[in-house]
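Trainee: Could we go through this model together, one question at a time, before I plan any reading around it?

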Number of protein chains: 2
Amino acid sequence: MATARRREGTAEKILDSAEERLCRYGYNGVSFRDIAADVGVKSASVHYFFPTKATLVAAVARRYADLCLAELGDPAARGPAEAVALLGEMFRRTVAERKRMCLFGMMAAEIGALPAEVGAEARRFFAETLRWLRAALGEDSGAAETILAAFEGGVLLARAMDDPSMMEKVVERVSIHEARA
Amino acid sequence: MATARRREGTAEKILDSAEERLCRYGYNGVSFRDIAADVGVKSASVHYFFPTKATLVAAVARRYADLCLAELGDPAARGPAEAVALLGEMFRRTVAERKRMCLFGMMAAEIGALPAEVGAEARRFFAETLRWLRAALGEDSGAAETILAAFEGGVLLARAMDDPSMMEKVVERVSIHEARA
DNA sequence: ATGAACCTATCAAGTGGTAGATAGATGACG
DNA sequence: CGTCATCTATCTACCACTTGATAGGTTCAT
């Protein structure tokens, strides 16, 4: 869901590589050495910027959450249908263009294997996204959890079946439902 | 989603432990030694029954998928609303009673880190479950993907927020929507 | 000459996997 | 019946490799 960045220093390149790998292989599928190779440095240099794996992954999570929430913007500035379409489009892009998990979808699945500080960041992301959705839909709608769940699950389905159209079907159907409501 | 078993030999105990750990920590969060300790044998004995990690995890996936699909039964034997309620109940139980991921939800997330034979088993599970749902809903409904996505995503949300009521809200809302349709 | 940004080299722990021994059950055959 | 061979399930002991992490040195711009 996160977008492009340019003119990066080593620290940002490390975050980029870590994010990419976390979204594809999960926490235990990422190693300092792989990240270092992506960036073109040695693994000790990764430790220089991020002393432990927990601090590195927490930094990735924080940057990712901030970027997503910034992209969502002010829920009051949009009607319910537009808000759902915007959120759906972010998920659709993650699948279609990046062919990877939403970072926090991955972290939600693996939460039992994550350092506590990373789990906390995941909880924050979902809480804030739900708050945003509820604000956009109207507080009494009660659809926020289901819409977010459908989008996250759509990514799972599309990845498991290796078929991005799964995600598109979900976004389309949820949008229609919400426009009708 | 899988249910209880009794009078097990070592091979079944190994599958039980592996399934439990896979649902909680993911593929790379499971080790032969941990499983062996659960069962009360040495890791070489696990290799005796399942020579490689890929064969072990594929066996877990096969058993899990077969059990789930057997529990779903014949889609023609139920109306659409009942079918959705049954599927929803299976997901609800996974979260409320086991406090873990649906195995294939986890595998969908981590699919990039999985041996090919395991990924194939995941694809089979989702394809068959969707086929079952489509048969139950009526072929032209087009809601199957979204319903399954919402349920899988509901598990993610409930785990990330450590709040089983998330899953319950999703099941409830999807059921109501489907009963109305 | 100070400090940031790297490096080399290493460590202890854990990984999947293998080799070979052993104890006990099973069964065939004289 | 006895006993010999085979099979199953388990063990101990190891191997090569990867992991996160650390210590200490080098390079280079300010």
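Trainee: In what order do the elements of chain A run from the N terminus on?

Mentor: This is a predicted model, in which local features need pLDDT of at least 70, side-chain atom pairs count only at pLDDT 80 or more, and totals for chains, interfaces and linings use all residues. Residues are numbered from 1 along each chain as its sequence is written, while chains are lettered from A and ligands numbered from 1 in the order in which they are written. Helices (H or I, at least four residues) and strands (E, at least two) are DSSP runs, numbered from the N terminus. Chain A has 9 helices and 0 strands, and from the N terminus on its elements run α-α-α-α-α-α-α-α-α.

Trainee: What radius of gyration does chain A have, and why does it agree with a compact globule?

Mentor: The C-alpha atoms of chain A fill a box of roughly 55 × 35 × 30 Å along the principal axes. The radius of gyration is taken over C-alpha atoms, and the globule rule is 2.2 Å times the number of residues to the power 0.38. Because that rule puts a compact globule of 181 residues near 16 Å, there is agreement with the value for chain A, 17 Å.

Trainee: Is Arg100(A) buried or exposed?

Mentor: Arg100(A) is found in the loop between helix 5 (80-98) and helix 6 (103-109) of chain A, and its C-alpha atom is separated by 7.4 Å from that of Arg159(A), 59 residues apart along the chain. A residue is buried if 20 or more other C-beta atoms lie within 10 Å of its own, exposed if 12 or fewer, and partly exposed in between, with C-beta atoms placed from the backbone. Because Arg100(A) has 21 C-beta neighbours inside 10 Å, it counts as buried.

Trainee: How are the two copies related?

Mentor: Copies are superposed by least squares on the C-alpha atoms of residues with pLDDT of at least 70 in both. Chain B can be laid on chain A with an RMSD of 0.1 Å by a turn of 180° and a shift of 0.0 Å along the axis. The two copies are therefore related as by a two-fold rotation axis.

Trainee: Which helix gives the largest share of the side of chain B that touches chain A?

Mentor: Two residues are in contact if their C-beta atoms, placed from the backbone, lie within 7 Å, and the contact takes 39 residues from chain B and 39 residues from chain A. The side of chain B that touches chain A divides into 22 nonpolar, 9 polar and 8 charged residues (Ala, Val, Leu, Ile, Met, Phe, Trp, Tyr, Cys and Pro count as nonpolar, Asp, Glu, Lys and Arg as charged, and the others, Gly among them, as polar). The largest share, 14 residues, comes from helix 8 of chain B.

Trainee: Which elements give two or more residues to the surface near DNA strand C?

Mentor: A residue is near a strand if its C-beta atom, placed from the backbone, lies within 6 Å of it. On that basis 15 residues surround DNA strand C, the closest being Thr10(A), Lys42(A), Ala44(A), Ser31(B) and Thr52(B). The elements that give two or more residues to this surface are helix 3 (43-49) of chain A together with helix 2 (32-39) and helix 3 (43-49) of chain B.

Trainee: How many nonpolar, polar and charged residues does the surface near DNA strand D have?

Mentor: DNA strand D is surrounded by 16 residues, and among the closest are Ser31(A) and Tyr48(B). By class, the surface near DNA strand D has 7 nonpolar, 6 polar and 3 charged residues.
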